[in-house]
Amino acid sequence: MILIASLVVGLLFACGVRMVLERELVRVACGTVLITNSSVLLIVAGSFPERGEALSVRQGWPVTDPVLQSLALTAIVIGFAVSALLLTLVHRTQRAHGSLRTDRLVEAELKRVHAVEKEEGH
Amino acid sequence: MRSFVPPLSRLLLWPSLIIALALWLKGGASVGGGFPAGAFAGLAVLLQYVTVGRDQARRYVAVRYAAPLAGVGLLLVVGTAFMPVLAGYAPMSLFPRPGQPELGAGGLHLHTALIFEGGLMLIVFGLVVTVIDRFALRTGTEEESGP
Amino acid sequence: MPLWGPLLLPWVLGAVLAFLDGRRAWVAWLAIVGLAGTLLCTAWLLPQAWSAQAPQFITGDWPVGVGIRLRADQLSIVFALVSTAVLLGTLVYEHVAGGITSRSFPALVVFLGAGLTGVFFTSDAFNFYVFFELAMTSAFALASYGEKPRNLRAAFTFVVVNLMGSTLFLTAVVMLYLTTGTLDMLSIIAWGQAGPPFALVVPGTLLLCAFGVKLGFFPFHFWAPAVYRDAGPTVAALLAGALANIGSYGLLRFGVDVMPQVLAQARPLLEILGAASILYGSVLALSRRDTREVLAYASISQAGLIIAALGLNGREGLCAAVALALAGSVDKTALFLAQDRGGERARRAYSVAAFSTAGVPPTAGFWSKAWLLRAALEQGHTPLAGLVVLASALSLLALFRAYQREKWLREGAALHRGTGAVVYALSLALIVVGLWPEPLLRAGRDAIQGLGTLP
Amino acid sequence: MPILLPILLALACAPLAYVAGRWRTGAAAWTGALGALVALGALVHEWTTQGPSRLVLPWAPTWGLSLEFTRDGLSGLYAALALGVGALVVLYSRAYMPHHLAEEGRPARDEVRFQGLILAFMAAMVLLVTVDDLLLLFVALDLTTIISYLLIGFDREDPESRAAALLSLVLTGATSVVFFAGAMTLGLQYGTFSLPLVIERAAHDPASTGALVCLAVGALGKSAQVPFHFWLPRAMAAPTPVSSYLHSAAMVAAGVFLLQRLYPLFAPATEVRDGLLAIGFLSMGMGSLMALVADPFKRVLAYSTIAQYGYALVLVALGSEGAPLYVAAHAPCKAALFLTVGAITQVTGKKKLSEVSGLRHSLPVLAGASAIAAAGLSAVPLTEGFFKDEVFFAALVPKGPAFMAAGLVGAGMTLAYTLRLWWGLFGGPRQDVPAAPRLLVAPVVVLAGLILLGGLVPGLLVEPARAAAEAMRGEPSTLELAYHFDARPENLLAVGAWVLGALLFATRHAWTPALSRVLEAASRVGAERGYRLLLHQLDRLSTWLHEKEVRDLRDRVASVLVPTGLLGLAVLGVTPLRDRFKVGPVGWADVTLVMALAFASAAALATLRAKGHLRLVLLISCVGFSLAMVFAFAAAPDVALTSVLVETTFTLLFAGLLALLPEDRLRRAQEEAQKPRGRDRLAAGVAGASAFLLSWSALSHLHADRVGTRTVELAEIAHSPNVVAAVLTDFRGLDTVGEMSVVVAALLGVTSLLGLKKGRR
């Protein structure tokens, strides 16, 4: 079980990284969501071995670690908030640059750098 | 097709909100809590946006003032967390304290955690609704003015 | 002053400010007064932090580990003081420089302040993460301030790269909990002393990388030049001056305090990374034309100095790391704010901060570099000492090349009285500490005293 | 306490002058000069009435530092020089600066700033010579560096003077950092930075050669000695008062002063002293040769300064008691000559020897006074300069004929270039120019008077020179200054030098062209060339690195994740841990869990192949829902519920975003995005493998007794049957408050990014 869980964590993480490394803003945002998901999975996976009742706990019965659950909840919420922010940022960025591609961002960046250098050169 | 969807969604709004309230109040005892409640309520409003459009959805006060509601929620949360220090307790002391008798009956217990969860609900509701509202607004203007 | 004071004040204030339109002058002043109050409250805690028992409380009075412990030792207090002061200065600058253009700017700065104070005060690994995220999210939202295409570009890069850092940090915290069974830092210290020596190496590595992203040292720094260059000057000052403190504080707190055994093993690595960042930052700063890019690379080199100091054996290196972080924070803020404008006032403030960054007396930066040099020589680590000397010379060259560019001669957008006062105050602080270094030296020495169980 | 009086007075000069300047521009110089003279008076008074003493004030006890000041021969001599020449230069600048500023097109008020800087420099110099602590020495040394940078770059509209300022800053700054490294080594070796203690302890335990070399490098950089000499000629771009002060009596003197102050440390280290000796001779020769051919007057003087401090360095290296005297005798001569050429530039507007001649007719007083200064520089009897060469020769005689010959040639060349300069200015065919303002000439006359006075009454010089030598060498001095009319080697050498100098001057037209060609050729391999080459290469390296540096967002992300991944893998590889990886049992109860996990993985893998954006978003939400299922099966219903709700909201938000984005842009991005690079795959592979192995390792070592179990016990007392709720709202409620603040902060970000105002982009 440990192996399977960690394999899935690794897989989700790898897919997330692969998406973040795309050259398109929406996919980058999707990638961060996957990465967040993988870390939440890791948190919950910590309680796989002893998972049991979470509600109406009785002493001595197996219990899913409530602290891990609350950590997972917090992580989900924070991830959600940040992703919402990222989505709006994607929208604004693509409007400002007229493109969804990250290379356009780089091009704009370089253009500015060259402009500054030219200006300073004189 | 279109004719019955908007009224239906309007009909669905109130039950959804009641479920959200239930999630909030039951949070202490069973699955639920402020966060799911807020998200649920937000989803219910989202449904309104999808079916009846932004202008109709904004008829509700809570929708128009979603962002300030989130602020109120944060004040509630921070207040519940830090008010007890005025009485000499450590921050995040909830009442009744351990050992103090519980108030309330049946499934519902009065506990400051409820206020806390209520704050949570408002904040999450505020976030969801505001983001939706802004997206909806943009969709409207985008069609008019273009990129 | 109870410990929760400096935490509560910005928090409530942030919540209140969230309602208000930050473009109004009185709202900005409210935020400024609130931050100043936070600063005062933090300063009020100084004697307590220096007493035998550092002030602390556990939320809800629950047993250790169940509740969250907040604790303010000397390290926390000095970092909180400097960071809040930097935030305050930046906020005042932005307000008097011509008005805040975004509704939420003051609220976000205050939230950033709350997050930073929380990060410095908490003694619970996951709570650290939450406050860290509070600071980061405020910074994410702030990064696009100005909302020009270049600002948005910077914000996007900043958010995506730092999200990776946050994920690494979250993973590390969870692994700490899974391995040690507790989130309370003091309990983790106790566990680490008893547990197997290599058990915490994995979370330690992840933490190093996570804080590496925040602090921006080689090879985690690649986001920094673009972001510092393209974000607004005030935002760059916030990011470089205040937010980067999380990185140095985190390395000190987790490395020195919580996991000294891991730090001891990581020393060679820190040395290498430090040397690489020092060289990389100093060399790249040389040929840059854009002043802010020069500053960005200079700050990479500063970050390298900090972790090279951490990599040294013995306490002197750690003291040097604290001093470098504190002085560097004020330096960078002053530099980023001063380079925004032309004219005589800006030139003066810039040159003071640049001298401080290069480690030229009488400035605060000199003492911090002197400390590093001292620690390196004490350990017989001559290559590092040589590197420090080299870095000083190169950063002097790079910073003053930027200083001499034509832009400064333009008188048009000179610093006026108000903005000048802010940058002057920062540079004056650098000079005063340079002339009377005792506060900085005390802070550096005492901040380390209570940490960990190093020999 | 009285020991501080001259220092405090010197420190007060600059602010006082500034205040006075605010009132009336012209008052600044007079106030400053008066202040400097009062400080000088206080110094002389205390020196004559009280003799040497020390003062220790508390400063930074954490490092065991205190402010230590001394009043001994060295500090007295150098402080007097700095104050005296400083006062004269400030007065001179009163006459010089208005004209200069008008030429530069700057407001006349900037004069006050200039004078303030000169006075601040003076104060820094006084501080430098009076402190008695290694760290303080460095602090004061860098103060002089900073102020000299501001002074040399005073004409900031002039690119040349900016470049010169930067060069001097970097060169003297870098060398002084090296000095600091040396000082720090010594401080650590002896456990104190207090100079008397260091010297006392060094008597038993000699300082390490490395530290001494570091100290020497700092001093050489300051004193513009080979190979750091080239900043000085360039610094001549500064206004003349700066050159005449900094580059005669103050800044360049600081380096040699340091060596004299630290002489007891150098005394046992003969190798270091031999090195200094060689550098001294080299600077002497190089400076003199360059001075023989240079055309701009100020450059002649700059090279002469390099050469003259080469002499002083030789004297220090030989441990001669005449070393302080040499500096003291040289400074007024050089200052007077600098002031002279400054006056000439102001009157004629010319800067080169080839452009002027015969000025003696128009400027007779200046010609006379500068003749005396020139005589002093070239060690003609009846000027105090004579004695500087006498002590120099006296130090060389015991070392043998080779040294004597070198000294002879050096002194001869000094005479030759001084004659060349003076004759070039005042001799030759007559040129008529307007008279110089009196205030420009008066300081030269005063200095010339002092030079003559020192030459006529050498007894006046003996006491301070002896006291300084005593302070330097730590033993009583027997220095004698008198004219001897006999055939002692010193006299013979002096006469020989005059003859040689006269010969060189007479035949100058014959050898000048050849010499300049040779020197030009030599400059191609010189230190300056090396410095420029180094800088150039560094710049190229910097540009090259910058071009190679990652600028793409993808690479910026990869540069975080790949090193982390590799580091993680490496850590797993090198740290021995028993049973690092456990496979873990899989029972029948786990089947649902495994299935849900398999769903999540399949959906995640499918996202990579998804072409359309909508499909992509749906697949992402599939991953989320599968994970929610996992949480549900893992008995974490709260997490599952929240996860479901979040995923739903999120999917809808994503869909909303897609609706916002222009259709064609989406399509274009979609078509172009489908070209993954090999290294992206590799990066993802490394990151994923590392994430897998690291989580495996972490999950294999779960702590059995986590805090979670305590919370279960406590939940009942906390009046909350749902333990997770209890943890969220009560035990770890602060986390939740923080988390909610994150949400509000994000909300603020969203509202400011997507404002309600219409038409805003």
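Biologist: Which residues in H15(C) meet which residues in H17(C)?

Modeller: First, the conventions: this is a predicted model, in which local features need pLDDT of at least 70, side-chain atom pairs count only at pLDDT 80 or more, and totals for chains, interfaces and linings use all residues. Residues are numbered from 1 along each chain as its sequence is written, while chains are lettered from A and ligands numbered from 1 in the order in which they are written. Helices (H or I, at least four residues) and strands (E, at least two) are DSSP runs numbered from the N terminus, and two residues are in contact if their C-beta atoms, placed from the backbone, lie within 7 Å. On the H15(C) side are C:Tyr350, C:Ser351, C:Ala354, C:Thr357 and C:Ala358; they meet C:Ser392, C:Ser395, C:Leu396, C:Leu399, C:Phe400 and C:Tyr403 of H17(C). This contact of H15(C) with H17(C) divides into 7 nonpolar, 4 polar and no charged residues. Here Ala, Val, Leu, Ile, Met, Phe, Trp, Tyr, Cys and Pro count as nonpolar, Asp, Glu, Lys and Arg as charged, and the others, Gly among them, as polar.

Biologist: At what angle do helix H15 and helix H17 of chain C pack?

Modeller: Two packed helices are described by the angle between their axes and the distance between the axes. Helix H15 (residues 343-358) and helix H17 (residues 382-403) of chain C pack at about 165°, their axes 8 Å apart. Axes are lines fitted to C-alpha atoms, for helices over the stretch in contact, and angles run from 0 to 180 degrees between N-to-C directions. H15(C) and H17(C) are therefore roughly antiparallel, a term for angles over 145 degrees.

Biologist: Is D:Gly656 buried or exposed?

Modeller: A residue is buried if 20 or more other C-beta atoms lie within 10 Å of its own, exposed if 12 or fewer, and partly exposed in between. D:Gly656 is buried because 21 other C-beta atoms lie within 10 Å. D:Gly656 is placed in helix H27 (residues 637-660) of chain D and touches B:Ile132 and B:Phe135, leaving aside residues up to four places away in sequence. C:Gln265, in helix H12 (residues 260-286) of chain C, is partly exposed, with 19 such atoms within 10 Å.

Biologist: Which residues touch the most other members of the largest nonpolar core?

Modeller: A nonpolar core is a set of buried Ala, Val, Leu, Ile, Met, Phe, Trp, Tyr and Cys residues joined through C-beta atoms within 7 Å. The largest one has 610 residues, and D:Leu83, D:Met122 and D:Ala746 touch the most other members. Helix H7 (residues 149-180) of chain C supplies the largest share of this core, 20 residues. Among the residues that D:Leu83 touches are D:Ala10, D:Leu40 and D:Val126.

Biologist: How many residues does each chain bring to the contact of chain D with chain A?

Modeller: Chain D brings 86 residues and chain A brings 81 residues. Helix H29 (residues 678-700) gives the most to the chain D side, with 13 residues. That side has 56 nonpolar, 16 polar and 14 charged residues.

Biologist: What is the secondary structure of chain A?

Modeller: Chain A has 4 helices and 0 strands. Of its 122 residues, 72% are buried.

Notes
Parallel < 35°, antiparallel > 145°, perpendicular 65-115°, else oblique.
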